[in-house]
Amino acid sequence: MSNENLNDEFPARAAEAISLAGGPTEASKKTGVTLATLARWKNGEADPSRSNLIRLAAAANVNLQWLATGSGAKQVGSEERQASAPTPGPVSDEDAVLIALCVRSLEEWLQEKNLILRPIYKGEAVSLLFKYLKIKESYGKEDINAFLGAIASRAA
């Protein structure tokens, strides 16, 4: 199979991935790729670099193999989810309040530190903070800021 055959349908997959990432503007923010470049991919005028292909797949939550070649499952982990993962239940009111606290705390901490995180990393930070606070019996702003600082120092 030639490379031309692999890329014949790429513009359609790129367009779908861009849509799944939240549309061109959101995909641009999530990937760091300009709107003009995204349009060139959708129109078949250019192909992404390997690193940009990976970024787009992550932003759209699609399998890299599907995005690059059209083969395999489209959604990340769809095979495993269909086979084994139960559908998550509703979030309790207590957890919803804690999640809101985590989001608000992260945003305040980022603003205090004059830092910017991509949405995917914000989600990961909120998830880690949520898990941390769920196991702690009591916590204050200092605990939250210390935990966020620890996450940031490990990521640097």
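The structure is a predicted model, in which local features need pLDDT of at least 70 and side-chain atom pairs count only at pLDDT 80 or more, while totals for chains, interfaces and linings use all residues. Residues are numbered from 1 along each chain as its sequence is written, and side-chain values use heavy atoms, with hydrogens and water left out.

The two residues are set side by side below, where buried means under 20% relative accessible area, exposed over 50% and partly exposed in between, for a 1.4 Å probe and protein chains only. Helices are DSSP runs of H or I with at least four residues, numbered from the N terminus, and contact means heavy atoms within 4.5 Å.

| Residue | Relative accessible area | Class |
|---|---|---|
| R118 | 32% | partly exposed |
| S28 | 16% | buried |

R118 sits in the loop that runs between α8 (93–113) and α9 (119–135), and, when residues up to four places away in sequence are not counted, R118 touches K30, T31, G32 and R55. S28 belongs to helix α3 (residues 24–31), and, with neighbours within four places in sequence left aside, S28 is in contact with V33, T34, L35 and L38.

R118 is also one of the residues that line the second largest pocket, as are K30, R55 and A59. A pocket here is an open set of points on a 1 Å grid over the protein atoms alone, where a 1.4 Å probe fits, with protein on both sides within 12 Å along at least five of seven lines, and lining residues have an atom within 4 Å of a point. To this lining α5 (50–60) gives the most, with 4 residues.

Definitions and conventions:
Helix = DSSP H or I, 4+ residues; strand = E, 2+ residues; numbered from the N terminus.
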